[in-house]
Amino acid sequence: MQKRVFDGSVDYIQVMDENGNIDAALAPSDINDQKIIELYKLMSFARALDAKALSLQRQGRAVTYAPLVGQEAEQVGSAYAMGKDDYFVPNFRQHAVFMVRGFPLDIGLLYWRGFEEGVLPKGFKSLAVCVPVATQMPHAAGLAYAMKFKKTGAAVVAYVGDGGTSEGDFYEAINFAGVTKVPLVAIIENNQWAISVPRNQQSAAPTLAQKAIAAGIQGVQVDGNDVIGVYKVVKDALEKARTTNTPTVIEVLTYRMSLHTTADDPTKYRPDKEVELWKPRDPIARVRKYLVKKGLWDEKKEQEMADAQLKQIDDAVEKAEKFTPDPRTIFEHVYSFIPQTLQDEYDAAVAANFWQPKQQEQE
Amino acid sequence: MLTNMVGAINNALDLIMKENKNAVLLGEDVGKDGGVFRVTDGLLDKYGPERVLDTPLAESMIIGTALGMSAGGMLPIPEIQFAGFMLLSFSQIANHVARYRARTRSAVELPMIIRTPVSGGVRTLEHHSDSPEALYSHIGGLIVVEPSTPYDAKGLLIKASHMKDPVVFLEPTKLYRLFKQEVPDNAYEVEIGKANVIQKGDDMTIVTWGTMVPVVKNAVQKKGANAEVIDLRTINPLDEQTILDSAKKTGRVIIVHEAPLSFGPGAEIAARIAEKAIFELDAPVMRVASASFPYPFPGYEQYYIPNEQKVMEAIEKIMSE
């Protein structure tokens, strides 16, 4: 006997195309022009902040930085879709998500200056930036379990890259979410490159969204440069997660227009013509086309917005650069108490005054 | 109640689950099967599948989801079926569980108890007999506990459930059912970070823990040695003071552990004694430990693990120095 025991499929969704035309049948009912202007401003802010952070790194005023340029739509759109009680779980490139969710800019900049103080203000509804690829995914699944267990009514949005879907932790996490039925929305930011390895070398699967099928949950693909499309898909998935404890995997198709991090040179492995191909698909340009067409946006408004945003960013940078670290504090957050053996190391460090640069070293 | 270590831990878990409504057990076969050693027996019936989770078979996920649960305000108590399999979750433990408080400047605290059976001597398959206490202690940020009696197992586990820190709770398989002991029915705490001087003595100090505690006790008794025996109970943070006080009093120290000799926990203890008490010693510090290679198959384990004979020889040798 032979019979088909499973059929699976993945839908692709785009609401606003590259020319700023909206597919009315798919447009979410709660999106109006005022909200589109807001989304436009948030994406523009994200791009300006990203450029600033990159320039700070180039001037030696920040440590290694992971630029997000090109990915504004998927980050802003997904963050905009979250409810106030929802959590998100980042990897290391979700600066725009943090920004939209109200993370204080100056504190965020401290992370990129190399200080733990920039990771997470108490009570902020996210987990910490996570550098080892995909290891944040089980955290997100467990956090979603807690949301359900404690009957909070909230859901969890997790971010992982295309390369991250090759990691065991990615599958282990969505598999757990499928089995335990928790309110998890896992977003695969498919920006086509994991440092120097292209998407087609990560997996022979035609979509990354279909990896959800192996975990028994639904996977969907969306134009990641379409802020309205991303908003719609994430909002629907969150609604389903909150009301029916159904997890979803969302693959957002986007492109890393710039570097993996500032320690990287993509010209070594990536053809310029591929980057050129993605330029017309820019997430911000298509919304501007829409707004201009409708007479809702012009050069003057653009300039006013850019000036105001730059001022806000510069103020945050100024504040962040005033921060003075106290090396004593690194001993204080290892445990909930300071064990005697660690106290001895602390005391020895204080006695030797090891954090005061010696005079000769300064010269 | 009169109980072995399995019963004491089961009872402690029961009391923790009763006291803390956000406490959950998760792991492979911890539900219906009650764990492969029956440590969680009966708890699924009592607390239901939301609080006693038979998870999919994935150790990294077990610890990673436990982290998320803890960050979400729960008290996860994951069980890793064997110490060897725990290495599949080492990335989660070392990169995340151990560092989360420091990384977030205590904005996120991770109360959690990671339980796993450790050490050998019970003729099981490969990867079921490792003694990884040095691995987990070396990372920092984790509390590492290893009881040697039913009484300590229950008290340390209950204490761990009241802490705001992740605790790696190592349970010596060999001692699970080796003997029974009278243990109070109610909840009580055994201090974490405090070693137990289980026998006073003047001629030498023997520092040990886990499976080696009964081995040392028997060797001391057979030799009629006037030895002070310290059961560490907590590997990290180390109760340095109790060790140094005893070393200074007796002038001779033997460290006995089942983990391999080289780069083992004995090296850390010996180094601290050398730094802080060397001029009060009458003999070099001695270490008795398993050989410096991975745990052999069960047919050879008796030649690998330190036995009473080896400890008795060390006692003789250190007294002749």
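## Reading contacts and packing in a two-chain model

Tutor: Let's start where the chains meet: 36 residues of chain A are in contact with 40 residues of chain B. Keep in mind that this is a predicted model.

Student: Happy to. Which elements of chain B give two or more residues to the side that touches chain A?

Tutor: There are four to look for in chain B: α3 (59-71), α4 (90-97), α5 (100-103) and α9 (240-250). Of these, α3(B) gives the most, with nine residues.

Student: And how does that side of chain B divide by class?

Tutor: You will find 15 nonpolar, 17 polar and eight charged residues on the side of chain B that touches chain A.

Student: Let's turn to domains. Where are the bounds of the domains in chain B?

Tutor: Domain 1 of chain B covers 2-182, and domain 2 covers 196-320. Taken over C-alpha atoms, their centres are 26 Å apart. The contact draws 25 residues from domain 1 of chain B and 20 residues from domain 2 of chain B.

Student: Which elements supply at least two residues each on the domain 1 side?

Tutor: In chain B, those are α6 (133-139), β6 (143-145) and α7 (150-161). By class, the side of domain 1 of chain B that touches domain 2 has ten nonpolar, eight polar and seven charged residues.

Student: Now helix packing. What describes two packed helices?

Tutor: The general idea is to give the angle between the two axes together with the distance between them. For a case in chain B, take α9(B) and helix α10 (residues 265-277): their axes come within 10 Å and cross at roughly 60°. As for hand, α9(B) passes α10(B) in a right-handed crossing.

Student: Which residues of α9(B) and α10(B) meet there?

Tutor: From α9(B) come B:E240, B:I243, B:L244, B:A247 and B:K248, and they meet B:I269, B:R272, B:I273, B:K276 and B:A277 of α10(B). This contact has six nonpolar and four charged residues, with no polar ones.

Student: Can we look at a pair in chain A as well? At what angle do α1(A) and α11(A) cross?

Tutor: The axes of helix α1 (residues 33-58) and helix α11 (residues 283-293) of chain A cross at roughly 145° and come within 10 Å. This crossing of α1(A) and α11(A) is left-handed. On the α1(A) side the contact includes A:I36, A:Y40 and A:R47, while α11(A) brings, among others, A:I284, A:V287 and A:Y290. By class, the contact of α1(A) with α11(A) has ten nonpolar, one polar and two charged residues.

Student: Next, the sheet in chain B. In what order do its five strands stand?

Tutor: The order in this open sheet of chain B is β9-β11-β10-β13-β14, and the pairing is mixed. The edges are β9 (196-199) and β14 (286-290) of chain B; each has a single partner strand, so one side of each is left without a neighbour in the sheet. On average, neighbouring strands of this sheet are turned by 25° against each other, direction ignored.

Student: How many bridges join β10(B) to β13(B)?

Tutor: Four bridges join strand β10 (residues 204-208) of chain B to strand β13 (residues 253-260) of chain B, and these two strands run parallel. To find one of the pairings in the viewer, pick B:I206: its bridge partner in β13(B) is B:I254.

Student: Which strands does α10(B) lie across?

Tutor: Helix α10(B), the partner of α9(B) in the crossing above, lies across β10, β13 and β14 of chain B. Relative to β13(B), helix α10(B) runs at about 155°.

Methods: Residues are numbered from 1 along each chain as its sequence is written. Chains are lettered from A and ligands numbered from 1 in the order in which they are written. This is a predicted model: local features need pLDDT of at least 70, side-chain atom pairs count only at pLDDT 80 or more; totals for chains, interfaces and linings use all residues. Axes are lines fitted to C-alpha atoms, for helices over the stretch in contact, and angles run from 0 to 180 degrees between N-to-C directions. A crossing is left-handed if the near helix is turned anticlockwise from the far one by less than a right angle, and right-handed if clockwise. Two residues are in contact if their C-beta atoms, placed from the backbone, lie within 7 Å. Ala, Val, Leu, Ile, Met, Phe, Trp, Tyr, Cys and Pro count as nonpolar, Asp, Glu, Lys and Arg as charged, and the others, Gly among them, as polar. Two strands pair if DSSP finds at least two bridges between them. Domain bounds come from an automatic or database domain assignment.
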